[in-house]
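Hello,

Here is the structure I promised to pass on to you. Have a look at it first, and then read my notes below.

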Amino acid sequence: MFLLFSIMRLNSQELSHGKAITYNVIGSSLFSGIGSAINKKENEKLGHAFLKGLWQGAIGGTVIYGSKNIIQGYANTGSPLYAWSSKLVNAAGTSITENAASNIDFWKRWHLNIGFTRFEYHLNPKKAGRSFYFKVMPYALGRTIYVATKGDFDINTSLKTGNLVFSTDTSPANYVAFAYTYTILYDRTKIDGVYNNKTNVIAHEIIHVYQVDDFITINSYFNKLYSKNTFVNDKLLNWIYPDINSWTYIAAYNIAGDGKDDYDSNYFEQEAVLFSE
């Protein structure tokens, strides 16, 4: 993983769509394959589990890349049709990669994240009579509470994009805008003067939100650990979704290069630029 992040840092200065789809597909495929191997069934061969996760993850990575392409339409037009279409396609892609990492069929579980909330639907539920789950992501909730203390809720942009968006009169983290994992905060006093187009800024931050979910496969690595505790597995996880992927994204972002000092060599920043301009 760290090798992949290092390569991403070295080669991101001239990021193209060809490189972006390669990273999305290969990254999703590898992380899903590893997760599937970790979650292999008792009598299943390790290689079989890994390969199953590998090819299903590649499908998910392709869909994820497609969702990032769609958000460019929102950047250019401001149309909520592009924003919501992108969000739903991204949810489908990350659902596929998460299922792949969990070593289950890619179509069995679907989710949609809105801010710190996760809506989850199981086509083949383990518990009779329950297919739908509403869950809270703890780390994302904490970040949302923090952002809410720093800015004002932008309900119009939030409804248009399906993301929690706040605005402020001061620069968040010394940026024009900043994605606190699943919540976006922007400086309304600088947007027009710097970019002349608010939708480009929001689209850029939405890509960062998507990048957090690029690592959603990591959460599945802990499935077997959770299953050893009956309370955690059968009770707590019905309402809580541990968003370890948020921490993984933050670590990966820093490995790829600080966004301020190494903007041109940080893959995550350059991908956000690629799909928002």
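**Cavities and aromatic rings**

Searching the whole structure turns up 2 cavities of 30 Å³ or more. Here a cavity is a set of points on a 1 Å grid over the protein atoms alone where a 1.4 Å probe fits but cannot get out, and lining residues have an atom within 4 Å of a point. A volume is the space filled by probe spheres set on the points, which are joined across faces, edges and corners.

Please keep in mind that this is a predicted model, where local features need pLDDT of at least 70, side-chain atom pairs count only at pLDDT 80 or more, and totals for chains, interfaces and linings use all residues. Residues are numbered from 1 along each chain as its sequence is written, and side-chain values use heavy atoms, with hydrogens and water left out.

The second largest cavity has a volume of about 100 Å³. Its lining includes Lys87, His111, Tyr182 and Asp213.

Tyr23, Phe31, Phe215, Tyr249, Tyr253, Tyr267 and Phe268 make up one aromatic cluster.

Finally, Arg118 lies over the face of Tyr241, 3.9 Å from the ring centre; this requires CZ of Arg or NZ of Lys within 6 Å of the ring centre and within 35 degrees of the ring normal. Lys135 lies over the face of Tyr133, at 5.3 Å.

Best wishes

Conventions
On a 1 Å grid over the protein atoms alone, a cavity is a set of points where a 1.4 Å probe fits but cannot get out, and a pocket is an open set with protein on both sides within 12 Å along at least five of seven lines; lining residues have an atom within 4 Å of a point. Rings of Phe, Tyr and Trp (its six-membered ring) pair if their centres lie within 6.5 Å; planes under 30 degrees apart count as stacked, over 60 as edge-to-face and the rest as tilted.
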